[in-house]
Amino acid sequence: ADGAIEGVLDTAAKVPGEKLTDIADYEDRAFMPGREQDCVRPLPESARWSLGYAQAGIVPDDLTERAYYLGGYLAYPPNRAEGVIDDLRVRTIAIDDGSGRGTVVFSEIDCVGISSRDIADIRLTLKKFALEHNVVSINVGAIHCHSGIDTQGLWGDLKTAAMHNTVNIMKKDPDAVVSGRDPIFMQELKGKVVRTVEDAVTAMTPGRLAYTVADGSAYSHSKRPPYVTDSRMLALKFVPDDGSAPTVAVEFPSHPVSLGYSNKMLSGDFVYYMCDELEKQGFNGMYFQGAELAVASNRGDFAPQGSDNMKTIECYGRAIARHVIDSGFTGELAPRMDAAHARVYMPVGNKLYVFLRKLGIINNDMLSDGKQFRFPTEIGIVELGEIALLLVPGELAPELLMGGALGTDDSYTHTEWKNPPLKDLIPGKQCFVVGLMNDAIGYIIPDNDYGSFVAPLHYEESVSAGRHTASQIVSAFSRLAADNASRKTGAEKDAAINALMQKEAAPQPVG
């Protein structure tokens, strides 16, 4: 069966399609490396955290007049949006530590995923603004909501799109291709992200930044072996000096897929109710998706018995907000921030991705090096005091972060995953994953457990770049952490280099 499937996909990947850029000719004008100056320069005594917040609705006014498809489930006929249950939004924070080394921005969109090409458009539009306001890192991600509008192209009428696009590409008219993405909506969405970035940066005000790491074990569970989850629930709280509304940002892994396969109504899922509850309690709200490859919510545990589906979604979201507030924000972060990003040219072993890209159904940049295809994507590390956010361009298997990957007896390839967990990447820091940030390349599965997507409990392989994606991502993070360590001094540098030397002595990743 594996051979037959591979043969079909190999044939599909060879269909005539849009000519892909040669990797030698690729020019990335939108990549932002982060804070390149010396990260150990002493902060002025007056240094304070500053933060600004902005949000905007993204539901189009003509929802019932045009064909807007819901992104997240492959259905035929495709799920066309028929109405709105609550709301879809983009939420943005801008943060600075007062060092003069630049502002870092995070935007989260209520959607299933957004490609690096769209994020490049946003960054290029903001290029002048970023220079004028010393913004050195602009990060745009998705909460991975399956009840939002298709932002990737995968969830429209694929049969019609494939035939239509093949004809137009053969006519050398690649601009005429269609997909589940509505081009007018995408243009408006990117404009709204740009405006929230501008508004958040200009609204920055000084204050204090605190955090809590709450126990989130009751809020989610994993559906794929080895059934690992990151049960930590990170919440950051910024309290402005001027008495304006504080901001709470929550990082936690849980798929917002509560409305199901046949749903045709737009909703921000539990994230809408989490943020709404925070607003009711006087906070601006923000959600970051964690390492959630096959992690689902435990919604029923927080709703009254007999509640309907929407009630359980609402109760679950509000419970998360109350949980982080009740946990208390006992840790205060000193104003010390670092942000670094690195390019990763990810090999694309999944022929289905090649087929979809050549036909213009997905719009991720894809390059050719003469031997194989590659996604130009990126990773990042943003350190806020003793907290480190690992920015991952896809859906990371939790065992890559927390440890506990399957071994020789239980993994698909009957080999070992030999990399240390990413939670131990940076000595002295608590590391958390922010998933689907700055790109959406699919699931990131340990190399040794990457198998056939028709095998039981291996669906995720169908939407993954390939069997060596995990080792490529983990190795890239190790290199970026080592580069950051080389810019530090004293005991902090010695500890970082010692830890990295120990990792170098460990067995290398599979693949």
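This is a predicted model: local features need pLDDT of at least 70, side-chain atom pairs count only at pLDDT 80 or more; totals for chains, interfaces and linings use all residues.

Colleague: Why do the residues of a strand fall into two sets?

Modeller: In a regular strand, side chains alternate between the two faces of the sheet.

Colleague: How do you know that β11 and β12 pair?

Modeller: Pairing requires at least two bridges. Here 5 bridges join β11 to β12, and the two run antiparallel. One example is Lys237, whose bridge partner in β12 is Val248.

Colleague: What makes β12 and β14 a pair?

Modeller: The threshold is again at least two bridges, and 6 bridges join β12 to β14 (residues 284-289), the two running parallel. Thr247, for instance, has Asn284 as its bridge partner in β14.

Colleague: What makes Asp230 buried?

Modeller: Buried means under 20% relative accessible area. Asp230 has 0% relative accessibility, and therefore counts as buried. Asp230 is located in the loop between β10 (220-222) and β11 (232-240).

Colleague: How do you know that the side chains of Asp230 and Arg232 form a polar contact?

Modeller: The limit for the N or O atoms is 3.5 Å, and these side chains are joined at 2.8 Å. Arg232 also lies over the face of Phe432, 4.1 Å from the ring centre.

Colleague: How many aromatic pairs are found in the whole structure?

Modeller: The search finds 13 aromatic pairs.

Colleague: Why is the pair of Phe106 and Phe288 called edge-to-face?

Modeller: Ring centres must lie within 6.5 Å, and planes over 60 degrees apart count as edge-to-face. The centres of Phe106 and Phe288 are 5.5 Å apart and their planes are at 75°, so the pair is edge-to-face. Phe106 lies in β6 (residues 103-109) and Phe288 in β14, so the pair ties together parts 182 residues apart in sequence.

Colleague: What makes Phe106 and Phe288 buried?

Modeller: Under the 20% limit, Phe106 counts as buried because its relative accessible area is 2%, and Phe288 because its value is 4%.

Terms used: Residues are numbered from 1 along each chain as its sequence is written. Side-chain values use heavy atoms; hydrogens and water are left out. Helices (H or I, at least four residues) and strands (E, at least two) are DSSP runs, numbered from the N terminus. Buried means under 20% relative accessible area, exposed over 50%, partly exposed in between (1.4 Å probe, protein chains only). A polar contact is a pair of N or O atoms within 3.5 Å; within protein, one must be able to donate a hydrogen and the other to accept it, and residues adjacent in sequence count only if both atoms are side-chain atoms. Rings of Phe, Tyr and Trp (its six-membered ring) pair if their centres lie within 6.5 Å; planes under 30 degrees apart count as stacked, over 60 as edge-to-face and the rest as tilted. A charge sits over a ring if NZ of Lys or CZ of Arg is within 6 Å of the ring centre and within 35 degrees of the ring normal.
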